[in-house]
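Here is a short report for a reader new to this structure. Please keep the sequence and the 3D view at hand while reading.

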Amino acid sequence: MLQPRPYQTAAAQAVNTGLANGESGLLVVIPTGGGKTIILADLIHQWLTQWPDTRVCVLAHTKELVEQNAAKFSAYWQAQNGTAAPMGIYCAGLN
């Protein structure tokens, strides 16, 4: 099962704490290969589980990142819920 590493969980918790405290302009800095996509998938999973009517928009500047984010989020959601991820993709480069 896809599970965030401890530092990824800490990053997600820091984002949620910041949002709960009314902070804006939050930034998570993780090096290449550090699992930013897993952190994002974990955050989105938490938010959609807690607030099912929430809508999240993830923006990326290349089709490769759109594909990577979609694949990781889908796999993470499947591992956590056993169902297909509730998502759609809009990317001109991916038709």
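## Helix α1: two sides

Pro-6 and Ala-20 are exposed residues of α1. They sit on the face turned away from the helix's buried side. That picture comes from a predicted model.

The buried residues of α1 are Gln-8, Ala-11, Ala-12, Val-15 and Gly-18. Seen down the helix axis, these buried residues fall within an arc of 125°, so they line one face of α1. Part of what covers them is α2, residues 36–50.

Helix α1 covers residues 6–20, which is 15 residues. From first C-alpha to last, α1 reaches 21 Å. That is close to the 21 Å expected at 1.5 Å a residue. Just after α1 comes Gly-22, with a positive phi of about 80°.

Which helices do the buried residues of α2 pack against? They pack against α1 and α3. The list of buried residues in α2 includes Ile-38, Ile-39, Leu-43, Ile-44 and Leu-48. Thr-37, Ala-41, Asp-42, His-45 and Trp-47 are buried in α2 as well.

How many aromatic pairs does the structure hold? There is 1. The ring centres of Phe-73 and Trp-77 are 5.7 Å apart, and their planes meet at 55°, so the pair is tilted. For a pair to count as edge-to-face, the planes must be over 60 degrees apart.

Both residues belong to helix α3, residues 63–81. Phe-73 and Trp-77 are 4 residues apart there, so about one helical turn separates them. Both are buried.

The structure holds 0 disulfides. A disulfide needs the two sulfur atoms within 2.5 Å. Cys-91 is likewise in no disulfide, as its nearest cysteine sulfur is that of Cys-57 at 12 Å.

Is each cysteine buried or exposed? Cys-57 is exposed, with a relative accessible area of 63%. Cys-91 is buried, with a relative accessible area of 17%. The cut-offs are under 20% for buried and over 50% for exposed.

Note on methods
Residues are numbered from 1 along each chain as its sequence is written. This is a predicted model: local features need pLDDT of at least 70, side-chain atom pairs count only at pLDDT 80 or more; totals for chains, interfaces and linings use all residues. Side-chain values use heavy atoms; hydrogens and water are left out. The expected span of a helix is 1.5 Å times one less than its number of residues. Buried means under 20% relative accessible area, exposed over 50%, partly exposed in between (1.4 Å probe, protein chains only). The arc is that of the directions from the helix axis to the C-beta atoms. Contact means heavy atoms within 4.5 Å. Rings of Phe, Tyr and Trp (its six-membered ring) pair if their centres lie within 6.5 Å; planes under 30 degrees apart count as stacked, over 60 as edge-to-face and the rest as tilted.
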